[in-house]
Amino acid sequence: MTTVKSSEEETYTELNQYRDQIVGIDKKVPVLDGSLKTYINLDNAASTPCLRPVLDTVSQFLEWYSSVHRGAGFKSMLSTRVYDLAHQVVADFVGADLRSNAVIFTKNASEALNKLANRFPFKDDSVILCSVMEHHSNDLPWRRKAEVIHAQVDETSALDLNDVETKLKNSAGKIQLVTITAGSNVTGYVNPIHQIASLAHEYGAKIVVDAAQLVAHRSLKIKPDHDPEHIDFLIFSAHKMYAPFGTGVLIGPRSVFGQGEPEHVGGGTVELVSRDEILWADLPEREEVGSPNVVGAVALARAIKILKKMGMKRIAEHERKLSQYTIRKLKSIKDVIIYGSDSYDENRLGVIAFNLNGFHHALVSAILSYEAGIGVRNACFCAHPYVRHLLGLTDEQYKEVIEEIKRSYKANLPGAIRVSFGFYNNQDEIDRLIEALQRISRKEYKGRYKLNPASGEYVPEDFSFNYQDYFDF
Ligand SMILES: Cc1ncc(COP(=O)(O)O)c(C=O)c1O
């Protein structure tokens, strides 16, 4: 087994050698014929597995773990230092200047976006510009706060920059925020966030970038505050960065979060409280109510250090090659429909959405799991407007689906199958996926699957997983 040195000098040559640094990489899972197969995780866009050095660091840290910020003992002081330092590691990762910006830890990217929506100083007639390709977490929180308009996508289903500019131009200065994903969790399109930042600033808006899909796969810098291409607010999540210990990140100007009351109030957010007065603490404490997730912060900081040493360029290149290979192979299967363009260049993350014509996406995903031990994701990936567009559903068709869901009938849920890569995935895994898809397309799968209309899931008859045989408390 390749070992990763814990010293700062660790150098990584081939990404391949990191494969065995993934916790659980060789885990075998049960399949329908009674055998066990080594699990293939092709659902990294949802959550990546944990890196071994992250887990090791967490274990080492837990021996020192104690309360942070107000504890007077050695362990408390050490834990406080480590927790505070983790903010700095995150800031350095994206080039944020902590003199003018705050790094605020949340539970995940969704919570970070909600917090920003709750804390941004909107005017009464504010308009927010997002896009139809957003994850719901970068759309729904804004709808509660102001009018939200959506930039459209072009004929390849990539973000239409002309529409972004037209909407900014037509808004007569009402658009206060432009909020855009750095990379789509459905098609993997990477958006030109700095170009959009320039546009937003030109029209007097601030920009929010949802980088949940991007930061474990590409380098991203927010650029200096005075740069027109500066990203004002940045959001991401550690569980998509090989550190699944419950931390999300929100970065933004101290001037915004330093104004008014924090989103949640209570312990940790104050310097002093009297009967009639509250002195709020400095940032980030004033926005991190209660006892923070110190372990999550440690895990995230360690994961960042490892990703940096592996080299974001090398990661991007590896995942691009995997995507190109997958696309080539997918196209060789009869009746595969790939969503978005099939060019997987530097403007595309390793996220591929497709369907197998004639087969329900939930059935294909179930067969991949029950017969090939492959984990993918299916349905609409928390991006319903975008998937609806990709599938070309009419208003009528969509209305029908809505009516069915209201009646708890999910047999006809629209959607697709998504595979998404991490740096550790390899060609052998893709070959196994392609082989399984070929078998499905030839109807050579073994199980007899029945649909549960209440959940929209397919399960094989006379078979179920005994989860408790694999893990229990
Ligand atoms: C683009 C994008 N934004 C936001 C989120 C929400 O992330 P989290 O699960 O960390 O809240 C996701 C999750 O899949 C995502 O893909």
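**Helix packing and the nonpolar core**

Student: Which residues in α2 meet which ones in α8?

Tutor: S79, V82, Y83, A86, V89, V90, D92 and F93 in α2 meet V294, A297, V298, L300, A301, I304, K305 and K308 in α8. Contact means heavy atoms within 4.5 Å, and helices are DSSP runs (H or I, at least four residues) numbered from the N terminus.

Student: How do those contact residues divide?

Tutor: There are 12 nonpolar, 1 polar and 3 charged. Asp, Glu, Lys and Arg count as charged, Ala, Val, Leu, Ile, Met, Phe, Trp, Tyr, Cys and Pro as nonpolar, and the others as polar.

Student: Where does this model come from?

Tutor: It is a predicted model: local features need pLDDT of at least 70 and side-chain atom pairs 80 or more, while totals for chains, interfaces and linings use all residues. Residues are numbered from 1 along each chain, and side-chain values use heavy atoms, without hydrogens and water.

Student: New topic: which residues touch the most other members of the largest nonpolar core?

Tutor: L234 and F236, out of 88 residues. Such a core joins buried (under 20% relative accessible area, 1.4 Å probe, protein chains only) Ala, Val, Leu, Ile, Met, Phe, Trp, Tyr and Cys through side-chain atoms within 4.5 Å.

Student: Which helix gives the most to it?

Tutor: Helix α8, residues 294-310, with 12 residues.

Student: And what does F236 touch?

Tutor: Leaving out residues up to four places away in sequence, its partners include V90, F93, V94, M241 and I251.

Student: Which residues are in the second core?

Tutor: That separate core has 36 residues, among them I40, L322, L356 and L363.

Conventions:
Buried < 20%, exposed > 50% of the residue type's maximum accessible area, 1.4 Å probe, protein only. Helix = DSSP H or I, 4+ residues; strand = E, 2+ residues; numbered from the N terminus.
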